[in-house]
Structure formats: C-alpha cells, structure tokens
Amino acid sequence: MTDLSFSVVDVFSEPYAVAPQLTARLRVEESEGTTVHAIALRCQVRIEPQRRSYTSEEQGGLGDQFGDRDRWHDTLRPFQWMQAHTTVPGFTGATDVDLALPATYDFEVTASKYLHALRDGDVPLLLLFSGTVFTRGTTGFGVEQVPWDREARCAMPVAVWRDLVRHHYPDTGWLRLRHDQVAALGRYKAERGLATWEDAVDALLAARTRDTTLDPGAGPVVGEART
C-alpha cells in the first residue's frame, strides 16, 4: 500500500503558452517506501474567498457575487475554479510534477469575475486530489486509488493572475453578447461611422453619462441603443 501526500511548491504563469495557462508545481511524497510506477492524477481546484480580507475598492467589484458586505459571513463560500489532470511519472520517495491549469478571462465565469476584482495580496486555493496509482504487485502491476481526503492549500499571488491576463489580453477583457445585441451594436457603429467596437461602446457610455447627468433617476437602458 502507498501513503501519498501532496503539497504545492509554486504557482506561476506560462508566458509562451498559446492559450492562457497557469502551472501548479506539485510535490508528491510516498512515505511507505513503495515504488510508484505512475499516477493518473485528477485535481479539483477551488477558491476559498473567506480566507482573505478585502479593501473597499475590491469590495465594489465583489458585490455582484457576494452581495453587500454585511452578508459576507453567509455568502463568502468556497467555489470551484476548474478541474485539471496530469500523469505523475514513476518515483520512489518524492517527486515534483507540473499540473497545467487552463485559465479563462470570460466574465461569465465566477472565478474570472472574482479574480478581476482583486488588486493585491493572494488568492486562497484548495486543491483536492483523486486518481489511480500504479505500483508493482505480486503478479504484475498493482492498482490503487488516491484516497479521497488528499488535498493541499496554497496562496497564489494576485500578481501571477494579473501578469497572465496582461500578457494574453493586454488592456482588454471579454464579454459574451447575444447575436441580436452584436447585430444592433454593429448597426449603431456603422450608422455613426465609428472605426472600432470600442468606439461604439465609448459612444454609448458617453450618451448614458449625459442622460444620467440630466436625469439622475434614469434607469439603465436595456436591449436598445440610444441615438
């Protein structure tokens, strides 16, 4: 039987990856002296927002997820970020292995909205491990399961995430719109001879600012472009 434990040595961004990717460098230790031939390792990565404090600036960006601050003792709960997997090569005693963590900057993903709101400090992560362990058995390979209670916590610097986003999406972000909204925005852009989508959004925001200044009680305009 094996006795496995996991810890996180480091979390860093991959600057040369085609798509945004973080890497968690894991240390895997086996304390019984059993030779491990390989591990098909699975990992759930969760964010534990209740394990850090927040500035007033960060609070403004978290209201959409967690509500008013006086409710955070109920709403600040761990949530899943992603699932990842890797193969751990054979070892005896201990080994380090890299776990690829594909990242997204889609603001409809809870983790992306949360990470975008953070300005400094660390992101409290919890990694939950499972998978299959291959060892030498009496008649060939032995097969075991990674115990369900194997986990590791780590604090990923917010700067790591921000550097990743800055590298892949310099000064930009992503929002998903319905087809009819994209078509309406395209018509608005063409009718006014605007050069870019950013110019069209800027024009709409400027018009909205003027309307709000004239009528502070005006509510948001949904599903239409003002002329």
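1. In helix H1, the residues Glu58, Leu62 and Phe66 are buried, where buried denotes under 20% relative accessible area, exposed over 50%, and partly exposed the range in between, computed with a 1.4 Å probe on protein chains only. They lie on the same side of H1 because they cover an arc of only 55° around the axis; the arc is that of the directions from the helix axis to the C-beta atoms. As a general point, an α-helix has 3.6 residues a turn, so residues three or four places apart point the same way.

2. The model is predicted: local features need pLDDT of at least 70 and side-chain atom pairs count only at pLDDT 80 or more, while totals for chains, interfaces and linings use all residues. Residues are numbered from 1 along each chain as its sequence is written, and side-chain values use heavy atoms, with hydrogens and water left out.

3. The face of H1 turned away from the buried side carries the exposed residues Ser56, Glu57, Gly60 and Asp64. The cover over the buried residues of H1 includes helix H2 (72–75), strand E4 (79–91) and helix H3 (110–117). Helices (H or I, at least four residues) and strands (E, at least two) are DSSP runs, numbered from the N terminus. After H1 comes Gly67, with a positive phi near 80°.

4. Glu58 belongs to H1, which spans residues 56–66. Glu58 counts as buried because its relative accessibility is 2%. Apart from neighbours within four places in sequence, Glu58 is in contact (heavy atoms within 4.5 Å) with Arg52, Ser53, Ala117, Leu118, Arg119 and Asp120.

5. An open sheet is formed by 3 strands in the order E1-E2-E5, with antiparallel pairing; two strands pair if DSSP finds at least two bridges between them. Strand E1 (4–13) and strand E5 (94–102) are the edge strands, each pairing on one side only. From one strand to the next, the twist averages 25°, with axes taken as lines fitted to C-alpha atoms and angles running from 0 to 180 degrees between N-to-C directions.

6. Antiparallel pairing of E1 with strand E2 (residues 21–30) extends over 9 bridges. Ser5 has Glu29 of E2 as its bridge partner.

7. The count is 1 cavity of 30 Å³ or more. A cavity is a set of points on a 1 Å grid over the protein atoms alone where a 1.4 Å probe fits but cannot get out. The largest cavity has a volume of about 40 Å³, a volume being the space filled by probe spheres set on the points, which are joined across faces, edges and corners. Its lining residues, each with an atom within 4 Å of a point, are Pro20, Ala103, Thr104, Tyr105, Trp161, Leu164, Val165 and Tyr169.

Notes: 1 Å grid on protein atoms, 1.4 Å probe; cavity = no way out; pocket = protein on both sides within 12 Å on 5 of 7 lines; lining within 4 Å.
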